[in-house]
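Here are my notes on this one, as promised. Have a look at the model, then read on.

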Amino acid sequence: MHLRGPVSRAELLQARSPELVADVTLYPSGSGGREAEVSVGWGCPCCVSNMSPIVGYDGWPLLGDRPLRPGEQRRLGFVFGSGAEAASVLRNAGRFFLWEGGFIGEARVVG
């Protein structure tokens with residue numbers, strides 16, 4: 001019998017179907033964005049508003065096999081810790097913001 005080792009978060013995420021699809025833009029590093037790219041398995045709070053108080057849903061973009069770099073835009077699926085509830089709230093908002101110690105990007109919902 002062959003036993004497989006632990007499964008990574010990236011592997012678990014890539015096996016899931018997206019709960020929402022959005023055009024995501026990571027802000028350039030010089031405009032408040034991250035210094036480094038985000039890789040498969042990365043996630044952050046997804047916020048309906050970029051105003052205080054910061055309220056968000058834990059979300060993970062499905063990056064496929066390619067990282068997302070600061071300043072880059074790409075259409076991505078998302079999965080959420082709160083599942084359909086988070087997807088519904090963010091879909092109704094039409095736009096949401098990515099938080100990582102500050103707003104590092106935004107997303108426009110397309111599906």
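**Notes on the fold and helix α2**

1. Surface first: the protein exposes about 6200 Å², with carbon and sulfur atoms supplying 52% of that (Shrake-Rupley method, 1.4 Å probe; for residues, only the protein chains shown count as cover).

2. Bear in mind that this is a predicted model, where local features need pLDDT of at least 70, side-chain atom pairs count only at pLDDT 80 or more, and totals for chains, interfaces and linings use all residues. Numbering starts from 1 along each chain as its sequence is written, and side-chain values use heavy atoms, with hydrogens and water left out.

3. The protein has 2 helices and 6 strands, in the order α-β-β-β-β-α-β-β from the N terminus. These are DSSP runs (helices H or I, at least four residues; strands E, at least two), numbered from the N terminus.

4. Of the 111 residues, 39% are buried (under 20% relative accessible area; exposed is over 50%, partly exposed in between; 1.4 Å probe, protein chains only).

5. Now for α2, residues 84–93: its buried residues are Ala86, Ala87 and Leu90. They sit on the same side of α2, because they cover an arc of only 100° around the axis (taken from the directions from the helix axis to the C-beta atoms). On the other side, Ala84, Glu85 and Asn92 are exposed.

6. What covers those buried residues of α2? The cover includes β1 (20–26), β3 (56–62) and β6 (103–109), with contact meaning heavy atoms within 4.5 Å. After α2 comes Gly94, with a positive phi near 85°.
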